[in-house]
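Could you walk me through this structure, one selection at a time? I have it open in a viewer and would like to know where to click and what I will find there.

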Amino acid sequence: MTTTAIPIKPKHRESIIQSLRAGVVPRAGQQHIQVGRHDEVKALVTDIDRVADSGASIRFIIGEYGSGKTFFLNLIRSIALERNLVTINADLSPDRRLHATGGQARSLYAELMRNLATRSKPDGGALASVVEKFVSSALAEARAAGVGVEAVIRTRLASLQELVGGYDFAHVIEAYWRAHDSGNEDLKESALRWLRGEYTSKIDARTHLGVRTIVGDANVYDQLKLFSRFVRLAGYGGLLIVLDELVNLYKLANTQARNSNYEQILRILNDVLQGSVEGMGVLLGGTPEFLLDTRRGLYSYSALQSRLAQNQFATGGLVDYSGPVLPLSQLTKEDLYVLLANIRNVYALGDSSRYLIPDHALEAFMQHCSTRIGDAYFRTPRNTVTAFVSLLSVLEQNAEAKWHELLGAVTIQADRNPDLDAAADDDDDLATFRL
Amino acid sequence: MTDLERILQASIARLRWTDKSRRRTETPSLPRWLAQGESANVHGYATGDFVYVGNGAGIEPSAIDPRLPVDAVHPNTSGEQVPYWPAYHSIPAECRAAYLQWLHGGRKDPYVAIGYVFVFFYGLERRVYELIARRGSSADEILAIAHEVARLLALHANRSGSFERYAESLLDLIEWIEPRAQSIPRETPHPGYGVPLRIAIALGELAVAAQPVPAALALDWLRSIWYLNTPATRCAREFELLFHIRYAKRFGQGLFLQPGRTFLDFTYQPASAALDLINVAHRNVPDVTQLARPRTKLTDLAQECTSALDAFSRFLGKNPDARESLAAFALLPDELVEGTHSADARLLAALVVSRLDAHGRAQLGAGELLQFVRIAKPEKIAKNEAMLLAQALEKLGYGIEPDVRLGGPTFESDGRVVVFRRLPDCPSTASDEYATATICMRLGTMVSAADDEVSEQERALLERHIAEALLLSAGERQRLGAHLAWLLETNPGTTGMKKRLAALSQDARHHIGRLLVSIATTDARVDPREMKILEKLYDLIGLDDSDLYRDVHAAQSADDEPLAIDILASSSRRFAIPPKPAPTPGLDMSRVRLRIAETREVSALLGSIFAEDEAPVRGASVAPQAGTIGSLDATHSELLRRLARRESWSRDEVERVTAELSLMTDGALEAINDYAYAAADEPLWEDDDPLTIHAHVARELLR
């Protein structure tokens, strides 16, 4: 069975196999193993096109633990990169939130900026590339027109200055140019540090860069808005912000802290729906309880509840893909079968004559998993996939081994949601009072 | 290999093993173990210690059966015919000869076929199993085996990842049984194989005891979960030091770990197919290595350290022999300055200290400082040499005036400079306010140069006024003071300055005039001494006295000056929060705010007048050979042509090419790939260091 006709690069093959073997989602080549979810992908591609066309979008990707949220987010992220968007992504955690007063929001921003990726640098660390691409084009323009580079930069960034924090942002970009022009590595690094949100002291920022403000807990979202405009000025389609593990907001024990975070989400949602931001897309990945729990989830925040409520006509199998909430359907046995077939295909680099196991082995493998862990084998397929990849690896390295001899030795455990047993044990606000 | 694969591998082995054992007919006698120092003679070879001798078929694959033939004439040293699970009794006679030869030579050959090492290793594994079963009686022997494993590991780890993993794992097992083995030095861990057991145990025990994790252990833990990037490997010593310093700064005595609910357990996967897994029961040590928060804290810290070392690392990449130079020193993170090995840096510090006066300032000849930097053309000092000095002095705790980084001129080799002990917030980049302040100061000294009637006191007055009006920070005032000292010392000529001022439009001159007035009137009054200075300044700018009186009057009487309000409105965001109540009695803060708003408008204007060497935009120093490619400009096209010549480029090489073409490396690469996507639908390059060029794309683009 050949499932896909796209040629597979050896590099992608390695990346996919290594990631799956370690039980994590591949960062490249997802298209080779993507199964189903056609409508969901189509909806998100429309979103990306809207962002690239100076629009904005926000989606809550909601799915059960292990149902493939992260995989889906990475897939959309790589599509966005292909469409010449800049992407930034981060997992929320107790130390990384949208709103905070103890540096956790700044820390989220810093993580986002470290993971900044472009089509050419899909693995992140592309902040300098984006800044330099902007400055390079200003430089080319200055050369052609015979004027000073700083003047060109200032003119081009004039539109940023109408946004909060825009003046200092422009100043820092100018500083980056000056640093390059004069070979001042210190200044260059300072400018990047400022852009990455790594300054914690305003005095330091003033001393090193001559600016009065820094990226802090209070202005993270403003800074993201600035950045989404900046990437467009640098010649990219827009900015896609991918935030995963939003369940960490749900797990915040302190009501006020939780609500402040939800308020930030509301702010973003309002900006997007009212069209007051351009070229910015936001993807938020979370579990159903994060959305639906009326005591601690997004639904506990009434302003969000009304905006996020499911389309009341979309029941009984009908789905509405235009709302901000995108529920990810559970994988089925059939989906898993195709997924395993795709993995086999990746192993063989798309050459069906090199398949390591025949079709009926896929079924036998699924049967084996089913007897061990029941339905969980396709509902939360992480461990199933890991076991399958391990099996293929052994078969590949030991030409004389037979798959049916090995199948019995495949051990598999049901995937356990770590969120469930860690519900409220990490109230760091209390922990800081330890003497 | 994942655990699962190892289990699978082992089960394959067992399948094969049982097949063979079924075919066995005679009951074997257990082979004899040769303990440390013992040896046996087999076909003329000395086996040495730590091997089993006897008929091991079906029991122990490593056992040397002296009855089996050995082909001593054609020893198979390449090990080609050794299967994946070798056994002494089943390998060909010529392989047996090669194996015995290796044993005879004391197991020292670093190039021996790895299959033979495995055969020997199987024996060690079995002996460890036996010793564990006979618990307690033989701790010394198990320790001796551990040393032997560590020795083999050091010899062969780089050649076989598989052997490395099994040997590391056996050492882990021994350490678990015999804690004394923990003193055997082991390789620093590397990521990908999980956290080494000894680290996991140490961390778990600290968590139980509520003790902090010491920096060295934290670093080992980090190394097992995080891939060290170029700065951390190229400058390993600096990275380690910086990590220790920042770790202590951030976590004090160290990170505290909370023991979780999962406990360590350890399953030993033997390499030998004849042995089963051992699962060692946990010792009530919690497994803290999976906790996400401390891991994130460590990797964040490591990332910070590496980005702080980035510039230093790239410099070393280009100048591998210049680690001790002043240039390298200037790029070090502040924390590493004290422990520097740079002799130049220490000499420079000594020179400055010897010349400091009571105010913490030193007047020096530029030539005295320039001996510390290598000068390309002795007659002219380039900008980057002046910058290097400024940066190096800053690391040592000093500022210098003039400073190119703040728009100062590069000094002549016979010129004078002022070096001063700097406050922590002494700027290394000019804010708009500071830039304006220096220019006003310059105007002030020009007045004094024109006629000598502005007294020292008046100049001090001006200095104070400027600083207050522009809300300069303490560090900025300090630098301004040094700047004034330098101006007084060197008295830079006014040549050309008057002419340039005269060339300004009347409007622009009025702008400058009003700024000067607003600075003088910040405290809402103008005394005659100030008026006297202002009259001279107005004269210098080429404005009438009548303008001055009107401007002073306007500044004193009205806050609703249209110009100022416009400026304030357009830039209110930056100062959305009004400054807190006046720091100095008599200061009108609303005026101060106006001043600042106005400053920004004027500073750009002034900057362009006073820039000493308004650098024209540099064109590419290398002329492109042919025309442009597609939508790329000439220099980017040239870069594309050059990159296309090779398939792989190190980052340093790329930087050299882009520097030659006066391009920004990352920006230019990004632009080229954008073009490649547009024209060929594929990237031209991938990866970072080294950069991989796709030849087929290059061909298509250059067609």
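Begin in chain B by selecting helix α6(B), whose buried residues are B:Leu197, B:Ile199, B:Ala200, B:Ile201, B:Leu203, B:Gly204, B:Leu206 and B:Ala207. Keep in mind as you go that this is a predicted model.

How far apart are the end C-alpha atoms of helix α6 of chain B? They are 16 Å apart, which agrees with the 16 Å that 12 residues should span at 1.5 Å a residue. Step just past α6(B) and pick B:Ala210, which takes a positive phi of about 55°.

**Zoom out to chain B**

Color chain B by secondary structure and you will be looking at 27 helices and 12 strands. Of the 703 residues in chain B, buried ones make up 54%. Next, think about contacts in chain B between residues at least 6 apart in sequence: 66% of them join residues at least 24 apart.

**A pair inside chain B**

Select B:Glu148 and B:Arg107 together. Their side chains form a salt bridge, with the closest N and O atoms 3.0 Å apart. B:Glu148 belongs to helix α4 (residues 139-156) of chain B, while B:Arg107 sits in the loop between α2 (93-104) and α3 (114-133), so the pair ties together parts that are 41 residues apart in sequence. Is B:Glu148 buried or exposed? B:Glu148 is buried, because its relative accessible area is 8%, under the 20% cut-off. B:Arg107 also counts as buried, at 6% relative accessibility.

**Along to helix α20**

Move to B:Glu535, in helix α20 (residues 528-541) of chain B. B:Glu535 counts as partly exposed, with a relative accessibility of 27%. Leaving aside residues up to four places away in sequence, B:Glu535 touches B:Asp545, B:Leu548 and B:Tyr549. Look at B:Tyr549 in particular: its side chain makes a polar contact with the side chain of B:Glu535, at 3.2 Å. B:Val353 and B:Glu535 are 182 residues apart in sequence, and their C-alpha atoms are 42 Å apart in space.

**Cross to chain A**

Now show both chains and turn to where they meet. Here 75 residues of chain A are in contact with 68 residues of chain B. The area buried between the two chains is about 5,800 Å², and carbon and sulfur atoms give 48% of it.

Side chains of opposite charge can pair when their charged atoms come close. How many salt bridges cross the interface of chain A and chain B? The rule finds 9. To see one of them, select A:Asp95 and B:Arg293, whose closest N and O atoms are 3.1 Å apart. On the chain A side that touches chain B, helix α5 (residues 127-145) gives the largest share, with 10 residues. That side of chain A divides into 23 nonpolar, 20 polar and 32 charged residues.

One more selection takes in both chains: A:Arg96, A:Glu111, A:Arg114, A:Glu189, A:Arg196, A:Glu198 and B:Asp300 are linked in a network of salt bridges.

**Last stops in chain A**

Pick A:Gln34, in the loop between α1 (10-21) and α2 (38-52) of chain A. A:Gln34 is buried, with a relative accessible area of 19%. Beyond residues up to four places away in sequence, A:Gln34 touches A:Val41, A:Phe71, A:Leu75 and A:Asn342.

Then find A:Arg50 and A:Asp47, whose side chains meet in a salt bridge (3.3 Å, N to O). These two are 3 residues apart in helix α2 of chain A, so about one helical turn separates them. An α-helix has 3.6 residues a turn, so residues three or four places apart point the same way. A:Arg50 is partly exposed, at 39% relative accessible area, whereas A:Asp47 counts as buried, at 3%.

Finish with A:Glu174 and A:Arg154, a salt bridge with the closest N and O atoms 3.2 Å apart. A:Glu174 lies in helix α7 (residues 166-182) and A:Arg154 in helix α6 (residues 149-156) of chain A, so this pair ties together parts 20 residues apart in sequence.

Definitions and conventions. Residues are numbered from 1 along each chain as its sequence is written. Chains are lettered from A and ligands numbered from 1 in the order in which they are written. This is a predicted model: local features need pLDDT of at least 70, side-chain atom pairs count only at pLDDT 80 or more; totals for chains, interfaces and linings use all residues. Side-chain values use heavy atoms; hydrogens and water are left out. Contact means heavy atoms within 4.5 Å. Buried area is the accessible area (1.4 Å probe) that two parts lose on being put together, summed over both. A salt bridge is a side-chain nitrogen of Lys or Arg within 4 Å of a carboxyl oxygen of Asp or Glu. Helices (H or I, at least four residues) and strands (E, at least two) are DSSP runs, numbered from the N terminus. Ala, Val, Leu, Ile, Met, Phe, Trp, Tyr, Cys and Pro count as nonpolar, Asp, Glu, Lys and Arg as charged, and the others, Gly among them, as polar. The expected span of a helix is 1.5 Å times one less than its number of residues. Buried means under 20% relative accessible area, exposed over 50%, partly exposed in between (1.4 Å probe, protein chains only). A polar contact is a pair of N or O atoms within 3.5 Å; within protein, one must be able to donate a hydrogen and the other to accept it, and residues adjacent in sequence count only if both atoms are side-chain atoms.
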